[in-house]
Amino acid sequence: MKLNELAAHINDYQCYQIELCRGYDYVSFHEDLKKLYHIAGIDNKPTVFLITDNQIIIEEFLEDINNILNSGEVSNLFDNDEYEHIINDCRLAAKEYGIIEGNRNGIYEFFINRIKNNLHIVLCMSPIGINFRIRCRMFPSLINCCIIDWFIEWPKEALYNVAMYTFSQEDFGSNELKESISKLSTDIHLSVSEAAVRFYNELKRHYYTTPTSYLELLGLYMTMLNKKTKELTDGRDKFRNGLNKILETNDLIAKMETELTALRPTLEAKQRDTEKLMIKLSEDQEQADIVRSRVKEDEMLAKQKAAENQIIADDAQRDLDEAIPALEAANKALDSLDKNDISEIRVFTKPPQLVQTVMEAVCIMLGQKGDWATAKIVLNDSNFLRKLVEYPKDDITDGQLKKLKKFIDNPEFIPEIVEKTSKACKSMCMWVRALNLYAHIFRTVEPKRKRLEEANADLDIVMRKLQQKQLELFNVEQKITLLQQEYHQSINEKKKLEQYLTLISTRLKRANKLTTGLMDEQERWKLSIEQYNIQLNHIIGDVFIASACIAYYGAFTINYRYDLMQQWIHRCHELNICVSEELTLFHILGNLYEIRQWTIQGLPKDSFSIDNAILVTHSRRWPLFIDPQEQANRWIRTMELQNQLKIIKLTDSNLLRILENCIRLGLPLLIEDIAETLDPSLESILLKQTFMSGGRLLIRLGDNDIEYNQNFRLYITTKLSNPHYLPDISIKVTIINFTVTLNGLEDQLLNDVTSIERPELEEQRNQLIVKINTDRNQLKIKCEFFSEKD
């Protein structure tokens with residue numbers, strides 16, 4: 001089939017195949033033939049029609065194919081409407097070949113000739129059994145109108161070359177070993193073919209090996225070899241890392257002991273330095289307290305003096321406040337005068353009495369003679385008003401006040417009375433009286449001012465001393481702050497050093513305890529590494545034997561399996577391929593705890609059944625159990641019960657629906673009680689023909705693409721004790737013979753007798769298996785933790 005698809009692709013032919021699904025019948029086959037005729041006859045495309053014998057579910061398919069091979073057409077394939085469509089679709093193309101449009105028979109004949117030219121039918125049939133002979137007799141066109149291409153078994157040379165090509169990119173350490181493995185794979189395949197012949201001759205049981213089986217062996221071997229190599233390498237590296245960690249821990253212990261010895265004197269020195277700093281800090285703190293006390297006393301004194309000075313200043317200010325408003329009012333009145341007001345007074349030859357009196361008082365204040373003539377001269381001064389405003393009021397003499405007294409005592413020397421005579425003289429009268437009042441008050445305030453100045457001078461001296469002492473206190477406090485910082489830093493360093501020493505001591509104790517406890521483990525780990533190295537040295541041969549067991553010997557009985565195993569091991573020795581001593585499938589792939597779980601779930605305890613279970617769990621193909629005693633059936637039901645196992649028969653009308661649900665949801669499915677054939681619609685499931693589309697993993701089931709859950713598992717069982725499965729089934733599944741043999745029955749009876757006669761031994765055995773596995777798991781977890789811990 002694959003070769004035909006390749007040839008069609010090379011020649012640009014479209015390869016057409018029918019897709020079998022549940023309910024596919026003769027009508028469905030005719031619909032496919034119509035599509036095929038449309039492609040080849042109307043679309044004029046070169047097409048290959050590929051059909052296999054397992055797709056021929058009813059013999060009428062071959063009758064139609066026989067007609068196509070003989071004449072190119074199938075009777076009654078098209079109804080009248082379809083016939084008209086063909087005529088209309090081919091009319092233009094037929095016209096180009098000279099066929100007139102009205103010649104309907106000619107157009108149809110043109111359509112059939114196109115089909116003969118474009119359509120190539122390829123029939124893939126197995127010669128095994130009687131069906132092929134019967135069909136060749138019933139449908140002579142299969143012989144007369146076909147070229148028979150008989151594909152025989154691959155010769156030894158082809159098997160060897162395929163193996164060499166498969167292993168070409170793999171590293172086996174040497175080309176000689178690669179050639180030996182290729183020879184071994186060839187010999188194993190041929191030995192299985194010989195065993196299958198002997199198997200039939202002696203037991204009348206059928207088993208077939210095909211090139212597909214051989215390719216499965218090679219592919220399975222590469223997968224298992226990489227997986228097992230990684231498993232053993234990881235296990236060895238974990239123990240090796242553990243040993244390295246122990247050695248590193250020993251070196252670290254020595255370093256920590258040296259560091260601990262060196263740090264103890266440092267800690268003692270740091271303790272002494274800290275104590276000295278503490279003493280120095282206490283002394284400086286006492287000195288600072290003394291200075292701080294003095295500064296507080298000086299501050300109190302300065303505050304007291306400042307309060308006294310403020311009282312004096314407030315007293316003097318109250319006295320001045322009595323004269324200042326009058327003086328400001330007089331100045332304001334003077335500001336209201338202008339040259340016209342002065343000229344009004346100056347024009348008087350003989351002024352009124354009050355005007356003369358006011359001017360005489362003004363002249364006395366200005367230090368002039370108190371007569372009208374002098375007054376006129378003063379009035380003529382252009383700066384007269386400015387002199388009055390800027391008069392030095394603090395420089396008024398006692399003589400001036402004495403001369404001024406008669407004017408002040410004059411009852412008419414009042415601004416309101418003077419205003420009646422002259423508005424300008426009113427302002428000057430106010431000025432004179434205000435200055436007189438200020439002068440008298442000033443004489444009262446002046447001693448207070450002098451006393452205030454003296455007090456301020458004393459206060460300045462006190463404040464300067466206070467500032468000096470505050471500066472001294474600041475320096476002392478700065479020094480204390482630096483000492484405190486140094487002290488805290490020393491304390492922190494001391495604490496860190498103590499913590500570090502404590503940490504080192506704790507680590508040292510733990511490390512000593514750990515290394516002491518791991519002394520025995522160190523030897524065990526060395527032994528484990530040696531065992532892993534031995535397994536890695538044997539892994540190429542061991543895994544190949546295990547792969548051959550999985551790929552080939554599932555259908556054989558226990559004696560044939562043993563003979564094949566011994567034959568393969570002997571061949572490994574001849575080819576200088578290292579394999580383990582006493583090699584068995586359980587030795588390579590078995591797990592005691594897993595096997596214990598299987599036996600609890602109903603798996604018989606004999607070695608034959610255990611090997612069968614290992615085949616189920618490690619094969620890449622779905623298992624088909626030959627299970628006349630239904631032991632496998634019961635085991636599967638119990639094992640998959642908690643996973644919501646679905647059970648169905650091939651005859652069930654809901655097969656595809658249940659299968660689709662299981663595939664989507666990832667549920668296990670058991671198809672039981674099959675005969676010697678499988679439903680063709682299961683082919684994509686058996687071959688696991690998954691593909692990616694839109695980021696989803698899909699598989700085609702019938703005519704639908706459904707999402708494929710990788711948790712899906714399929715089990716198939718038959719009650720037939722000696723079924724005959726043709727190669728097309730054998731290459732799609734792993735046939736596992738679960739038939740109870742005499743040796744297997746002896747093992748099972750021995751186990752049953754032991755459990756009945758000495759149940760305490762059986763119970764003890766089960767407990768020991770569980771305990772050993774639990775201890776191994778815990779030991780594995782701890783070893784992984786230790787080897788991965790930094």
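1. Two strands count as paired if DSSP finds at least two bridges between them. Helices (H or I, at least four residues) and strands (E, at least two) are DSSP runs, numbered from the N terminus. With that in hand, look at the hairpin formed by strand 7 and strand 8: there are 2 residues between them, and Gly694 in the turn has a positive phi of about 60°.

2. A word on the source: this is a predicted model, in which local features need pLDDT of at least 70, side-chain atom pairs count only at pLDDT 80 or more, and totals for chains, interfaces and linings use all residues. Residues are numbered from 1 along each chain as its sequence is written, and side-chain values use heavy atoms, with hydrogens and water left out.

3. Angles run from 0 to 180 degrees between N-to-C directions, and axes are lines fitted to C-alpha atoms, for helices over the stretch in contact.

4. Now for the pairing itself. Strand 7 and strand 8 (residues 696–701) are joined antiparallel over 4 bridges, and Ser693 has Arg696 in strand 8 as its bridge partner. Contact here means heavy atoms within 4.5 Å.

5. Strand 8 and strand 9 also run antiparallel, joined by 4 bridges. Leu698 finds its bridge partner, Glu707, in strand 9. These two strands make a hairpin as well, with 2 residues between the strands, and Gly702 takes a positive phi near 70°.

6. Another sheet to find is an open one of 3 strands in the order 1-2-3, where the pairing is parallel. Strand 1 (14–16) and strand 3 (119–124) stand at the edges with a single partner strand each, so one side of each has no neighbour in the sheet. Its neighbouring strands are turned by 25° against each other on average, direction ignored. Strand 1 is joined to strand 2 (residues 47–52) by 3 bridges, and Gln14 has Thr47 in strand 2 as bridge partner.

7. Which helices lie across strands of this sheet? Helix 1 (residues 2–10) lies across strand 1, strand 2 and strand 3, at about 175° to strand 2. Helix 3 (residues 60–71) lies across strand 2 and strand 3, at about 135° to strand 3.

8. Next, a pair of helices. The axes of helix 12 (residues 353–365) and helix 13 (residues 372–380) come within 9 Å and cross at roughly 70°. The two are therefore roughly perpendicular to each other (under 35 degrees counts as roughly parallel, over 145 as roughly antiparallel, 65 to 115 as roughly perpendicular and the rest as oblique). Among the residues that meet are Met359 in helix 12 and Trp372 in helix 13.

9. How many disulfides are there? The count comes to 0, a disulfide being a pair of cysteine sulfur atoms within 2.5 Å. The closest cysteine sulfur to that of Cys15 is in Cys124, 9.2 Å away, too far for a bond. Cys15 is partly exposed, with a relative accessible area of 30% (buried means under 20%, exposed over 50%, partly exposed in between, with a 1.4 Å probe and protein chains only).
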